[in-house]
Structures are given as C-alpha cells and as structure tokens.
Amino acid sequence: MFWNLVQHKMGIGRQLFLFRWMPELENGGSNLTIRDTESNPLYTIDIDGNNQYDALSDGLLLLRALFGLEGQSLTAGAISPDAVYTESSEIKSRIDSLGDLADIDGNGTVNALTDGLLTLRYLLGLEGDTLINGVIEIDAIRKSASEIEAHIKTLMPPL
Ligand SMILES: [Ca+2]
Ligand SMILES: [Ca+2]
C-alpha cells in the first residue's frame, strides 16, 4: 500500500493525501523551532551520516519517517554500507532534529507527500517542473521549483 501510494505521487496524480507528521504544528508556523543552518551545519539531510546525499538512503529514510514508519520498516534496505547512523532510533532522532527545516514547501507542516517527496525527487536529480509537479500544496510559501531547490540546498552543505 505504501509503495503504491508513493508511486502514485511520483507520477502525475493531483490528489493530495497528506500525512500529518507533527500534528501539534497544524496551528501554523509560529510555534516552530527556527534553526539556522549556516551557523549549525549539523542540520543536513545526510540522514545516515555517510557524508553523501543519496536518494535511496537519505531521501528514502526521510520519506519513510514522514510516513510514520519505525524500526525495521524505517531502515530496511535504506542504510548505506558506510553509514554512521544505522539504528532506526538514531535515524528517527536525526530526522526529528531537522524540525521545521524539513518543511520544504514552507506551509508550516512537515508532510511525506509534499516535503518528503520533494526531497526524494531532488536527491534523485529531478529539477524544474518535474521536481514540483503534483506535490505543491495550496498554502505553500515556496511554490516554484527554484525556491524549492534553493531551500533543499540549504540542507545540503558541502560534506
Ligand atoms: Ca547519506
Ligand atoms: Ca510542508
């Protein structure tokens, strides 16, 4: 079911089926913890800590975590051989620490089928319309591909 859903959203489907990862944030962005990536380079999307940004490890781990997967369901097949962080609890903690930075489209919530998919697509090398097609919410602050790309790049400092 999970992969059917992801494959659907990776295509051209328009239906927004949102998973609320942090329901306490639904009231808006005022209670988000603001983090400064430039002064704190620890906040990156190198989730498994192998000093590389990879779609099929880091991107997939982020997407799965945003879908609420835990334990083996979170990490199976998605940890690089040279990963520093291999336990699902460590992976989840690193993703949690991203906080509002993982809100790629800036709409105030962190969602799998928007923020998670945008990150995975970007790590897969997709850009422009292919990057954002079907996954930008109506209330997104960052709506254009260039804005989305710029935000994701702030989470990808040189390693
Ligand atoms: Ca990595
Ligand atoms: Ca968002």
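Predicted model: local features only at pLDDT ≥ 70, side-chain atom pairs only at ≥ 80, totals over all residues.
1. A residue is called buried if 20 or more other C-beta atoms lie within 10 Å of its own, exposed if 12 or fewer do, and partly exposed in between; the C-beta atoms are placed from the backbone. G68 has 12 C-beta neighbours inside 10 Å, so G68 counts as exposed. G68 sits in the loop between α2 and α3 (71–75).

2. Residues are numbered from 1 along each chain as its sequence is written, while chains are lettered from A and ligands numbered from 1 in the order in which they are written.

3. Now the overall make-up. The protein chain has 7 helices and 0 strands. Helices (H or I, at least four residues) and strands (E, at least two) are DSSP runs, numbered from the N terminus. The order from the N terminus is α-α-α-α-α-α-α. Of the 159 residues in the protein chain, 40% are buried.

4. Next, contacts. Two residues are in contact if their C-beta atoms, placed from the backbone, lie within 7 Å. Among contacts with a separation of 6 or more, 64% join residues 24 or more positions apart. L62 touches I45, I47, I95, G116 and T119, leaving aside its neighbours within four places in sequence.

5. The core comes next. A nonpolar core is a set of buried Ala, Val, Leu, Ile, Met, Phe, Trp, Tyr and Cys residues joined through C-beta atoms within 7 Å. The largest one has 36 residues, and L61, L62, L63, A65, I91 and L118 have the most contacts inside it. At least two residues each come from α2, α4 (88–98), α5, α6 (128–132) and α7 (145–154). α5 gives the largest share, 7 residues.

6. How many residues of helix α5 (residues 112–123) are buried? The count is 12 of 12, and the helix is mostly covered. Among the buried residues are D115, R121 and Y122. Just after α5, G125 takes a positive phi of about 100°.

7. One backbone angle deserves a look. Most residues other than glycine have a negative phi. N51 is not a glycine, yet its phi is positive, at about 65°. N51 lies in the loop between α1 (2–10) and α2 (55–66). N51 counts as partly exposed because it has 13 C-beta neighbours inside 10 Å.
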